[in-house]
Amino acid sequence: MANTLGIIKPDGVRRKLVGTILSKIENSGLILRGMKVLHLSKDDAEKFYAVHEGKSFYKSLVEFMSSGPIVVLAIGGHGSIERWRDLMGATDPAKAKYNTIRREYGTSIEKNVVHGSDSPETAKTEISFFFREDEILPKE
Ligand code: CMP
């Protein structure tokens, strides 16, 4: 019953997709346990994506992720990591399955609207990047 981290990226907020994406989360039975709207500094975007440092897309990714407000989500429910990844679809919108968020709304591998943790370890680290423990609703 681990929580996972979701991010609605600057392209999703700019295009007013927050409500649509939250509806998809609610309708899928996943549980919203934490939510914040914030604007990442370049420094924080660099830290958050530090695992990608040195890759060809890193600089551009950092610019993009600090280019406007984002919504960070602590998402719970049984199998939350996998289920949120299934809702998002593959990283590259062109390769994502139909009816996934990235397939429907993503415009490039960078501007792919949403982020999700890829393992329980990453979920723990990524959630603690944005939320204190007392900012996340306890499991019922
Ligand atoms: P995300 O799930 O947030 O994790 C890393 C992000 O880097 C990814 O989604 C994409 O937005 C971005 N990115 C840009 N180019 C690439 C690429 N070639 N391969 C993987 N991720 C990329």
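View 1. A polar contact here is a pair of N or O atoms within 3.5 Å. The model is predicted: local features need pLDDT of at least 70, side-chain atom pairs count only at pLDDT 80 or more, and totals for chains, interfaces and linings use all residues. Residues are numbered from 1 along each chain as its sequence is written, and side-chain values use heavy atoms, leaving out hydrogens and water.

**View 2. Ile109 and Tyr49 at the ligand.** For Ile109, a polar backbone atom is 3.0 Å from an oxygen atom of the ligand.

**View 3. The shell around the ligand.** Lys9, Tyr49, His52, Phe57, Leu61, Thr91, Arg102, Ile109, Glu110, Asn112 and His115 surround the ligand (a heavy atom within 4 Å). The shell divides into 4 nonpolar, 4 polar and 3 charged residues. Charged means Asp, Glu, Lys and Arg; nonpolar means Ala, Val, Leu, Ile, Met, Phe, Trp, Tyr, Cys and Pro; the others, Gly among them, are polar.

**View 4. Asp44 in helix α3.** Helix α3 spans residues 42–48 and includes Asp44 (a DSSP run of H or I, at least four residues). Asp44 is partly exposed, at 30% relative accessible area (between buried, under 20%, and exposed, over 50%; 1.4 Å probe, protein chains only). Asp44 and Met65 are 21 residues apart in sequence. Their C-alpha atoms are 9.5 Å apart in space.

Technical notes. Polar contact = N/O pair within 3.5 Å; in protein donor to acceptor, adjacent residues only side chain to side chain. Helix = DSSP H or I, 4+ residues; strand = E, 2+ residues; numbered from the N terminus.
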